[in-house]
Amino acid sequence: MESYYLAIDASALSAAYPGFAEAVPQHKRADFDHPVDPTERRYVGTQFQHLMWMTKTERGWFATICTGDYSVMEVGEDGKFYNVGSKYVNAETVEVIAPNEVSATSANSSGPERAPTINVFDGWTLAEHVKGARDQNAYAECDSRMPDARDVRPQKANLPHDTPYPTLAPYPGWPRYDEN
């Protein structure tokens, strides 16, 4: 999901994690091929994502992921910060297909880095991405997993702020692969 949102926001597959382009079949890709000049759009803040649950399938897994983007802001031309998210959360479902042989890329799956530097997909492919949860109970659970209650989340996208929402450290983050 992280790679998906990086590619969507930048309109470029190259913005995603290494291996993402190979993990998404050509016919399943969104329109990622119109790169945006990175100086045109700058984002600050934190997008919260939680893996809520996974269900084993014959081919791999269904995963339900919770996303809250209410504290993501864009830096305006005036130097002010504008909320681009919503106080409402979303629960999404992805189906991933496991490779024939699953190997551990790294024994350590967390660390201080914001992004991986190696191909963490390693033969896994994305079969389906649904921008809604198959289980409708996911929305209430997703809402409860956010660090801020809905009534205190930012609600106005068009109001300028002098200071941005905090950009939190990555959790669990990615390991430094050269140290493993």
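This passage describes the salt bridges of a predicted model and the burial of helix α3. Residues are numbered from 1 along each chain as its sequence is written, and side-chain values use heavy atoms, without hydrogens or water.

Side chains of opposite charge can pair when their charged atoms come close. A salt bridge is taken here as a side-chain nitrogen of Lys or Arg within 4 Å of a carboxyl oxygen of Asp or Glu. The whole structure contains six salt bridges. Helices (DSSP H or I, at least four residues) and strands (DSSP E, at least two) are numbered from the N terminus. Residues are called buried under 20% relative accessible area, exposed over 50%, and partly exposed in between (1.4 Å probe, protein chains only).

Lys80 is partly exposed, at 28% relative accessible area. Asp162 is exposed, at 60%.

Glu113 pairs with Arg176, the closest N and O atoms lying 2.5 Å apart. Glu113 is partly exposed, with 25% relative accessibility. Arg176 is also partly exposed, with 38%.

A further salt bridge connects Arg153 to Asp143, with the closest N and O atoms 2.9 Å apart. Asp143 lies in helix α3 (137-145), and Arg153 in the loop between α3 and β6, ten residues away. Arg153 is buried, at 3% relative accessible area. Asp143 is buried as well, at 18%. Shared partners join Asp143, Arg150 and Arg153 into one salt-bridge network.

Asp143 is also one of the buried residues of α3, together with Ala138 and Cys142. These residues span an arc of only 135 degrees around the axis, so they fall on the same side of α3. The arc is that of the directions from the helix axis to the C-beta atoms. Asn137, Ala140 and Ser144 are exposed on the other side of α3. The cover over the buried residues includes β1 (43-56), β2 and β4, where contact means heavy atoms within 4.5 Å.

Key: Predicted model: local features only at pLDDT ≥ 70, side-chain atom pairs only at ≥ 80, totals over all residues.
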